[in-house]
Amino acid sequence: MPTAPQTAAVIDEAVQTLRHGGLVAFPTETVYGLGADAHNPEAIKRIFAAKGRPSNHPLIVHLAAPEKFDVAQVDWAALVSPWVRDLSEEALQLISTYWPGPLTLVFKKDKSVLYELTGGQDTVAIRAPAHPVAQALLRQFKGGVVAPSANRFGKVSPTSAADVRSEFEGMVDLMILDGGDCDVGIESTIIDLSSGEHPVLLRPGVITPQAIFEKTGIRVYKPGELVKEDETVQDNALPRVSGSLRAHYAPSTPLRMYGPGRVLDALSEFTDTKSRVAVAVWDSESSLSEDGHPSVNFEEILVPSDSAAFASKLYRTLRDLDAQGWDLILFPEPPAGQDWDGVRDRLQRACFGSGPSSMSHVSN
């Protein structure tokens with residue numbers, strides 16, 4: 001399973017691998033993706049087999065952005081139109097504002113788009129990643145690449161080439177492009193534009209509805225919010241998208257969240273003196289060590305109190321702690337606010353999907 005830094009020769013090898021139906025893991029600014037040719041149904045099936053992913057879970061198509069461009073002059077419609085049924089002015093405004101970057105948009109698919117990649121739906125999710133290695137690969141490939149996160153289904157997403165290798169070593173014939181650690185650290189924001197009416201948030205990320213409104217004037221609704229008189233958007237009427245299962249992004253070690261001031265309550269549930277607990281605490285708060293707990297061996301792990309820094313380190317921290325043999329991992333509940341919605345979403349799903357005693361949440 002070769003892992004290679006970016007060079008022209010390596011990118012060319014990766015392109016040839018994709019064209020011959022193989023799999024290539026590559027970095028994006030969010031997480032590492034497990035890529036295949038979006039026009040090759042057999043290659044797409046290899047992704048589902050490698051991850052153990054149910055075939056009705058759609059994949060995201062990744063497209064190249066022009067290498068050098070003035071955003072105002074890019075013909076985004078020409079780049080996206082082969083994949084979608086129609087493009088609204090709102091869609092073009094979102095694309096021109098946030099692409100390349102961590103924003104995925106869902107459209108009604110063009111008839112040429114394979115149902116294998118859409119999970120059998122009539123919608124397709126598309127984004128243009130910002131990572132230079134991803135863009136070098138996509139530009140040279142000159143086609144769409146489907147790429148879910150490069151990990152086994154439901155597990156913690158990878159943010160380094162080493163993470164990908166540890167997931168698939170000895171299991172999958174896979175080429176890995178090494179582009180260093182991912183900056184954003186959690187998956188892209190997903191917005192549904194397929195209804196032709198109101199944009200709806202399907203997965204939170206670092207690009208928030210509030211930021212979108214302030215920058216573009218476009219209002220993005222959450223499912224269930226009133227969008228017009230006597231009409232709400234219901235979850236079961238929305239397209240399925242990546243990362244929408246209740247259990248996802250999960251370590252093998254039981255993971256729980258604790259509310260403000262409730263960490264000792266969480267620790268008190270573990271009276272076995274053999275319990276070893278990793279307790280994540282905000283870097284802006286005082287140490288817990290002076291309080292201690294007589295029946296639990298615990299160690300503090302500082303986590304950033306800035307939402308972007310927290311997101312960037314979240315999966316790295318979960319993976320490292322998961323490998324260290326703890327009996328329990330405790331994380332602080334993120335503060336309220338859209339800036340924290342993305343990491344809150346990931347932590348909630350990770351708690352639900354983690355080890356056998358994982359489902360509790362100690363709160364106020």
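## Around helix 6

The cover over the buried residues of helix 6 includes helix 1 (8-19), strand 2 (23-27), strand 3, strand 4, strand 7 (145-146) and strand 8 (174-178). Which residues of helix 6 are buried? In this helix, which spans residues 132-141, they are Val133, Ala134, Gln135, Leu137, Leu138 and Phe141. Just past the end of helix 6 comes Lys142, where phi is positive, at about 60°.

## How confident is the model?

Keep in mind as you explore that this is a predicted model. The protein chain has a mean pLDDT of 88, and 85% of its residues reach 70 or more. Over residues 357-364, however, the pLDDT is below 50. In the model, this stretch has 26 contacts beyond near neighbours in sequence. Take care when you look there: where pLDDT is low, the predicted coordinates should not be read in detail.

Now for the inside of the protein. The largest nonpolar core has 48 residues. Within this core, the residues with the most contacts are Trp99, Leu105, Phe107, Ile126, Val146 and Leu174. Which helix gives the largest share of this core? Helix 2 (residues 41-51) does, with five residues. Apart from this core lies another one, of 26 residues, including Tyr249, Ile301, Val343 and Leu347.

Leaving aside residues up to four places away in sequence, Val146 touches Leu34, Gly35, Ala36, Ala38, Ile44, Ile47, Leu59, Ile60, Val61 and Leu117.

## The largest cavity

Rolling a probe the size of a water molecule over the atoms shows where empty space is left. How many cavities of 30 Å³ or more does a search of the whole structure find? There are two.

The largest cavity has a volume of about 220 Å³. Its lining is made up of 23 residues, and Ala147, Pro148, Ser149, Glu187 and Arg203 lie nearest its centre. Strand 3 (32-37) and strand 4 (60-62) each supply at least two residues of this lining. By type, the lining of the largest cavity divides into seven nonpolar, 11 polar and five charged residues.

## The second largest cavity

The second largest cavity has a volume of about 50 Å³. Around it you will find Pro58, Leu59, Val106, Thr118, Gln121, Thr123, Val124, Ala125, Pro239, Arg240 and Val241. Strand 6 (residues 123-127) gives the most to this lining, with three residues. The lining of the second largest cavity divides into seven nonpolar residues, three polar and one charged.

Notes:
Residues numbered from 1 in each chain as written. Predicted model: local features only at pLDDT ≥ 70, side-chain atom pairs only at ≥ 80, totals over all residues. Heavy atoms only, no water. pLDDT = per-residue confidence, 0-100. Contact = heavy atoms within 4.5 Å. 1 Å grid on protein atoms, 1.4 Å probe; cavity = no way out; pocket = protein on both sides within 12 Å on 5 of 7 lines; lining within 4 Å. Points joined across faces, edges and corners; volume = space filled by probe spheres on them. Helix = DSSP H or I, 4+ residues; strand = E, 2+ residues; numbered from the N terminus. Nonpolar A, V, L, I, M, F, W, Y, C, P; charged D, E, K, R; others polar. Buried < 20%, exposed > 50% of the residue type's maximum accessible area, 1.4 Å probe, protein only. Core = buried A, V, L, I, M, F, W, Y, C linked by side-chain atoms within 4.5 Å.
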